[in-house]
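I set out to record what can be looked up in this structure. The entries below follow the order in which I consulted it.

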Amino acid sequence: MTKTILIVEDNEASLSLLRDFLEEEGYRVVATGEGVEAIALALEHLPDLVLMDIQLPNISGLVLADFIRGNVNLKNIPIVAVTAYEVREEEQLLTAKCDAIVRKPFSFDELNAVIGKFLTDPRRASLP
Ligand code: MN
């Protein structure tokens, strides 16, 4: 069954690249640039993984991660954080709330390897 990834990224160019790449990899993608809408989309679609930027308008990715972890229907969804943060304090917060951290700039190969730790590549899974 096709896996669904929720992308939360406020940079439109980055979001577009991520969406194209993940759809090409065989995932179903739902996406938003905004944290409050991300909560609504998560509850509606119950994604198999959340790929989120930490620096977002209105509510930060850390707040979004808190919401996901605190919601009975969402709490087990793997969260992959994308961040440019390099402050040690933030690193500890991220490690506590998220399942993996990908630092900008990253390659698609690197991202795919991280996502693949949580989701089986749907194309590979369908091979005989
Ligand atoms: Mn951002």
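**Notebook: fold and metal site**

I first read the order of elements: along the sequence, the protein chain follows the pattern β-α-β-α-β-α-β-α-β-α-α. I noted six helices and five strands in the protein chain; helices (H or I, at least four residues) and strands (E, at least two) are DSSP runs, numbered from the N terminus.

I recorded that this is a predicted model, in which local features need pLDDT of at least 70 and side-chain atom pairs count only at pLDDT 80 or more, while totals for chains, interfaces and linings use all residues. Residues are numbered from 1 along each chain as its sequence is written, and side-chain values use heavy atoms, with hydrogens and water left out.

I looked up burial next. Of the 128 residues of the protein chain, 45% count as buried; buried means under 20% relative accessible area, exposed over 50%, and partly exposed in between (1.4 Å probe, protein chains only).

I then turned to the metal. Which residues coordinate the manganese ion? I found Asp10 (OD), Asp53 (OD) and Gln55 (O), at 2.0 to 2.2 Å. Donors are N, O and S atoms within 2.8 Å of the metal (3.2 Å for Na, K and Ca); water is not among the atoms, so sites may look incomplete. Aspartate 10 lies in the loop between strand 1 (4-8) and helix 1 (12-24), and glutamine 55 in the loop between strand 3 (49-53) and helix 3 (61-70), so the pair ties together parts that are 45 residues apart in sequence.

I finally checked accessibility at this site: aspartate 10 is partly exposed at 36% relative accessibility, and glutamine 55 is partly exposed at 24%.
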